[in-house]
2 protein chains.
Amino acid sequence: MGKIYRQNYRIPFYETDVNHQVKLPHLLSVALQVSGQQSLSLGVSDEDIFDQYHLVWVITEYDVQIERMPRYGEDIIIETEADSYNRLFCYRYFRIFDQEGNQLLSIFCHFVLIDFDTRKVAQVPDDLVAPYEATKIKKLIRGQKYRDLQEAKETFYHVRYFDLDMNGHVNNGKYLEWMYDVLDIDFLRQHSPKSIHLKYVKEIHYGGDIYSRVEQEGVISRHDITSNGELNAQAIIEWEKKDV
Amino acid sequence: MGKIYRQNYRIPFYETDVNHQVKLPHLLSVALQVSGQQSLSLGVSDEDIFDQYHLVWVITEYDVQIERMPRYGEDIIIETEADSYNRLFCYRYFRIFDQEGNQLLSIFCHFVLIDFDTRKVAQVPDDLVAPYEATKIKKLIRGQKYRDLQEAKETFYHVRYFDLDMNGHVNNGKYLEWMYDVLDIDFLRQHSPKSIHLKYVKEIHYGGDIYSRVEQEGVISRHDITSNGELNAQAIIEWEKKDV
């Protein structure tokens, strides 16, 4: 239980997909922006913690539960809550509501703080997270387990200039774009994601090439992203047939 | 001279590039959204003209003059004005200002109205554009001339699922992403665009592959996008060395 912060958002045309729903990578980016606004409002902005601690926030895992994806032009409310933390991880909820107050998505995230230069995970300083009023816990919350892909279909992607953020790293949302893109478009037109588990293992840098691999069984798709023979990210997506 | 419409916008982290400047394709998308808001406020929204006339707006040309690119977190004002129109084209300005009122960008666009099904250009109905109070003119405004590329470097791209908009067409902004992406990253880190002329010739559809070709001479880069041996878009970008 921590402080709650909310922001309104309208789904723009240019971030809407062929199903007239918001593109999920975009929604995750906007949610992250909202937590950045909360940090700013509490006096612990990304700039502040970089200046004071030389640390930056990095997401390591997403657990997304979807009731309904927001639609083009829809006004939504994005709520965030820094729920709890232990020695190494901070856990945060995002909840997305429609205008009637119905919950559309719940997004649970694991964050770590890493040293900007060494990219090594740092211990969470109590004073840094105090303003969020999150609960300090002892245990590590276990994320989703991912098994190795067996007979995966593999597609090659080159990391592009506009995939990079301000810090020269591949934007979090891109991984999910590569994962969606290897699925059949007719399947994507007929299905909507119901739950997504996504784990970031290793950062991807510019100039590299990546493989997006997928193994699909009915409405479950298992994904990974690899580069230079190393694992960068893993995901399991459960889909459901859309009502037409 | 037409009615003026303004909207404030803050540059988000996830649309900022390695130079800490807004990604230009994103800025063009947001500008377009602002003209959509103006249309809505005047009772001639995209939905209205689709329902009443079965027409949709399509951009055919951009002429972008850049004083300074907006930066991460900067609050800008996006102003738009439907300037003039003739039998086939509508001409619209976007002007982007900083908080002190300095003009950062001027974007001049040529629009046409096309029939949604046949994709053929329609004549501009006077009553449809009347609410904007744009000046009716006789002459066609000549756009930039583009010569054929001579010894172009060519890079192959596959059209991706998330490149598509709600109507299943490749988003306008993607063309510019493909054009930027073929330039050297060190060049992009050291230069900022000063002017951009961009012409859309033919729509690109999903499943196709495209080539982004470039010919660079100093601070001038000439681009085209082709698919199946046909020309889809052309551009000339003038760059300038960044002050560091």
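This is a predicted model: local features need pLDDT of at least 70, side-chain atom pairs count only at pLDDT 80 or more; totals for chains, interfaces and linings use all residues.

Analyst: Residues are numbered from 1 along each chain as its sequence is written, chains are lettered from A and ligands numbered from 1 in the order in which they are written, and side-chain values use heavy atoms, with hydrogens and water left out.

User: Which residues lie nearest the centre of the largest cavity?

Analyst: A cavity is a set of points on a 1 Å grid over the protein atoms alone where a 1.4 Å probe fits but cannot get out, and lining residues have an atom within 4 Å of a point. Grid points are joined across faces, edges and corners, and a volume is the space filled by probe spheres set on the points. The search finds 5 cavities of 30 Å³ or more, and the largest holds about 470 Å³. Of its 23 lining residues, those nearest the centre are A:E15, A:K174, A:E177, B:E15 and B:K174.

User: How many residues in the lining of the largest cavity are charged?

Analyst: Ala, Val, Leu, Ile, Met, Phe, Trp, Tyr, Cys and Pro count as nonpolar, Asp, Glu, Lys and Arg as charged, and the others, Gly among them, as polar. The lining has 6 nonpolar and 8 polar residues, and the charged ones number 9.

User: How are the rings of A:W57 and A:F111 arranged, stacked or edge-to-face?

Analyst: Rings of Phe, Tyr and Trp (its six-membered ring) pair if their centres lie within 6.5 Å; planes under 30 degrees apart count as stacked, over 60 as edge-to-face and the rest as tilted. By this rule there are 32 aromatic pairs over all chains. The centres of A:W57 and A:F111 are 5.8 Å apart with planes at 80°, so the pair is edge-to-face.

User: How many residues apart in sequence are the parts that A:W57 and A:F111 tie together?

Analyst: Strands (E, at least two residues) and helices (H or I, at least four) are DSSP runs, numbered from the N terminus. A:W57 lies in strand β2 (residues 55-66) and A:F111 in strand β5 (residues 103-115) of chain A, so the pair ties together parts whose separation in residues is 54.

User: Is A:N228 buried or exposed?

Analyst: Buried means under 20% relative accessible area, exposed over 50%, and partly exposed in between (1.4 Å probe, protein chains only). A:N228 is found in the loop between β11 (220-227) and β12 (230-241) of chain A, and has a positive phi of about 50° although it is not a glycine. At 76% relative accessibility, A:N228 counts as exposed.

User: Which residue of chain B is in contact with A:N171?

Analyst: Contact means heavy atoms within 4.5 Å. A:N171 is buried, at 10% relative accessibility. Leaving aside neighbours within four places in sequence, A:N171 touches A:S29, A:D163 and A:D165, and, from chain B, B:Y14.

How values were computed. On a 1 Å grid over the protein atoms alone, a cavity is a set of points where a 1.4 Å probe fits but cannot get out, and a pocket is an open set with protein on both sides within 12 Å along at least five of seven lines; lining residues have an atom within 4 Å of a point.
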